[in-house]
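Some questions on how the labels for this structure are reached follow. Each answer sets a value against its rule.

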Amino acid sequence: MLRQTIIFSFFVLTLLVPLTSSASGDSTYKSVCIACHAAGMNGAPKFQNNRDWASIIKEGKIHVIAEAYNGVRKMPAKGGKPDLTLEDFSEALIYMVNASGGNWSTPTEQEYIKIKNKLSKLSSKKQ
């Protein structure tokens with residue numbers, strides 16, 4: 001019985017973790033990103049527009065997260081929300097990518113290290 005409970009609990013957790021990530025990405029999108037990405041303001045790729053996102057998706061998750069979090073083209077750093085964490089930003093970006101033809105997952109610990117290294121290089125270029 002204990003073994004079945006453990007297996008069931010593991011199964012439920014594996015289902016809930018992706019839902020939690022998607023939910024946080026959705027909520028950050030709605031509170032921060034929607035202002036520009038719903039209508040494509042200032043050239044922002046429109047939410048759920050596969051054509052707008054195709055070339056961005058090809059650039060790769062690590063590159064896109066770092067560049068966008070740092071601020072790219074007319075998009076301000078952190079989507080204009082100075083207290084937005086890298087993790088919440090990443091979830092919102094992944095939410096938009098996956099709704100627009102991509103298939104990205106939450107960054108792994110190793111991917112976050114690569115993203116942070118890229119961010120360090122980008123911020124040193126700004127100075």
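This is a predicted model: local features need pLDDT of at least 70, side-chain atom pairs count only at pLDDT 80 or more; totals for chains, interfaces and linings use all residues.

Q: What makes a set of residues a nonpolar core?
A: A nonpolar core is a set of buried Ala, Val, Leu, Ile, Met, Phe, Trp, Tyr and Cys residues joined through side-chain atoms within 4.5 Å. Buried means under 20% relative accessible area, exposed means over 50%, and partly exposed lies in between (1.4 Å probe, protein chains only). By this rule, the largest nonpolar core has 26 residues, and those with the most contacts inside it are Trp-53, Leu-86, Leu-93, Met-96 and Ile-115. At least two residues of this core come from each of helix H1 (2-37), helix H2 (50-59), helix H3 (61-70), helix H4 (86-98) and helix H5 (109-126). The most is given by H4, with seven residues. In soluble globular proteins, nonpolar side chains tend to be buried together.

Q: How many helices and strands does the chain have, and what makes a run count as one?
A: Helices (H or I, at least four residues) and strands (E, at least two) are DSSP runs, numbered from the N terminus. The chain comes to five helices and zero strands. Read from the N terminus on, its elements run α-α-α-α-α.

Q: Which residues is Leu-86 in contact with, leaving aside its neighbours within four places in sequence?
A: Contact means heavy atoms within 4.5 Å. With those neighbours left aside, Leu-86 is in contact with Ile-65, Tyr-69, Tyr-112, Ile-115, Lys-116 and Leu-119.

Q: Why is the pair of Tyr-29 and Tyr-95 called tilted?
A: Rings of Phe, Tyr and Trp (its six-membered ring) pair if their centres lie within 6.5 Å; planes under 30 degrees apart count as stacked, over 60 as edge-to-face and the rest as tilted. The count comes to four aromatic pairs. For Tyr-29 and Tyr-95, the centres are 5.8 Å apart with 50 degrees between the planes, and the pair is tilted. Tyr-29 lies in helix H1 and Tyr-95 in helix H4, so this pair ties together parts that are 66 residues apart in sequence.

Q: Is Tyr-29 buried or exposed, and what is Tyr-95 counted as?
A: Tyr-29 has a relative accessible area of 4% and is therefore buried. Tyr-95, at 22% relative accessibility, counts as partly exposed.

Q: What makes the pair of Phe-47 and Tyr-95 stacked?
A: The ring centres of Phe-47 and Tyr-95 are 5.5 Å apart and their planes are at 20 degrees, so the pair is stacked. Phe-47 lies in the loop between H1 and H2 and Tyr-95 in helix H4, so parts that are 48 residues apart in sequence are tied together. Phe-47 is buried, with a relative accessible area of 18%. Ring pairs link Tyr-29, Phe-47 and Tyr-95 into a cluster.

Q: Where are Arg-73 and Lys-78 found, and what is the phi of each?
A: Arg-73 is in the loop between H3 and H4, and Lys-78 is found in the loop between H3 and H4. Phi is near 50 degrees for Arg-73 and about 55 degrees for Lys-78. Most residues other than glycine have a negative phi. Arg-73 is exposed, with a relative accessible area of 70%, whereas Lys-78 is partly exposed at 26%.

Conventions: Residues are numbered from 1 along each chain as its sequence is written. Side-chain values use heavy atoms; hydrogens and water are left out.
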